[in-house]
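Trainee: Could we go through this structure together? I'd like to learn how each label gets decided.

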Amino acid sequence: MSESHMLPPGPFTRQQADAITCRYQNIAIEDARHSHFRLVVRDSEGRMVWRAWCFEPDVGEGLNRYIRKSGILKASSP
């Protein structure tokens, strides 16, 4: 998968999170509180695999690992 379709290694923006949720069917934004929100990765059965707040240090690096391992691309995603 192209690194341009992943999160930056540290904190990320709502726009970056929206781009990820548009590509994957099992990744969602939850607990949105204005500029703060959590990105959640679920497995194919809907169980939470990982979640993190957008402002946490090294959050993108950690989430990218789970996205690579558990992300389910939507059919229309290249």
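Mentor: Leaving aside neighbours within four places in sequence, Ser70 is in contact with Asn26, Val41, Arg42 and Val49. Ser70 has its place in helix α2. Keep in mind that this is a predicted model.

Trainee: What makes Ser70 count as buried?

Mentor: The relative accessible area of Ser70 is 17%. Buried means under 20%, so Ser70 gets that label.

Trainee: And Val41, is that buried or exposed?

Mentor: Val41 has a relative accessible area of 0%, so it is buried. This residue lies in strand β2. Its contacts, leaving aside neighbours within four places in sequence, are Asn26, Ile27, Arg47, Met48, Val49, Trp50, Leu63, Tyr66, Ile67 and Ser70. Ile27 is also its bridge partner.

Trainee: How far apart are the C-alpha atoms of Val41 and Ala52?

Mentor: They are separated by 9.2 Å, and the two residues are eleven apart along the chain.

Trainee: Why is Glu30 called partly exposed?

Mentor: Its relative accessible area is 26%. The buried label needs under 20% and the exposed label needs over 50%, so Glu30 falls in between and is partly exposed. You'll find Glu30 in strand β1.

Trainee: What does Glu30 touch, not counting residues up to four places away in sequence?

Mentor: Glu30 touches Phe37, Arg38, Val40 and Arg42.

Trainee: What makes the pair of Glu30 and Arg42 a polar contact?

Mentor: The side chains of Glu30 and Arg42 come to 3.1 Å. The cut-off for such a pair of N or O atoms is within 3.5 Å, so this one qualifies as a polar contact.

Trainee: How do you know that β1 and β2 pair?

Mentor: Count the bridges: five join β1 to β2. Pairing takes at least two, so these strands pair. They run antiparallel. One of the bridges has Ala28 with Val40 as its partner in β2. The two strands also form a hairpin with two residues between them, and His34 in the turn has a positive phi of about 60°.

Trainee: What is the order of the strands in the sheet?

Mentor: Three strands make an open sheet, ordered β1-β2-β3, with antiparallel pairing. β1 and β3 are the edge strands, as each pairs on one side only. From one strand to the next, the twist averages 20°. Helix α1 packs on this sheet and touches β1 and β2, with its direction at about 150° to that of β1. Helix α2 lies across β1, β2 and β3, and runs at about 160° to β3.

Trainee: Which residues of the largest nonpolar core touch the most other members?

Mentor: Of its 15 residues, those are Leu7, Phe12, Ile27, Leu39, Leu63 and Ile67. The elements giving two or more residues to this core are α1, β2 and α2. Take Phe12: leaving aside its neighbours within four places in sequence, it is in contact with Leu7, Ala17, Phe37, Leu39, Cys54, Val59 and Leu63. As a rule, nonpolar side chains tend to be buried together in soluble globular proteins.

Trainee: Last one: which element has the highest mean pLDDT?

Mentor: That's strand β2, at 97, while strand β1 has the lowest among the elements, at 93. For the chain, the mean pLDDT is 91, and 92% of residues reach 70 or more.

Key: Residues numbered from 1 in each chain as written. Predicted model: local features only at pLDDT ≥ 70, side-chain atom pairs only at ≥ 80, totals over all residues. Heavy atoms only, no water. pLDDT = per-residue confidence, 0-100. Helix = DSSP H or I, 4+ residues; strand = E, 2+ residues; numbered from the N terminus. Axes fitted to C-alpha atoms, helices over the stretch in contact; angles between N-to-C directions. Contact = heavy atoms within 4.5 Å. Buried < 20%, exposed > 50% of the residue type's maximum accessible area, 1.4 Å probe, protein only. Polar contact = N/O pair within 3.5 Å; in protein donor to acceptor, adjacent residues only side chain to side chain. Core = buried A, V, L, I, M, F, W, Y, C linked by side-chain atoms within 4.5 Å.
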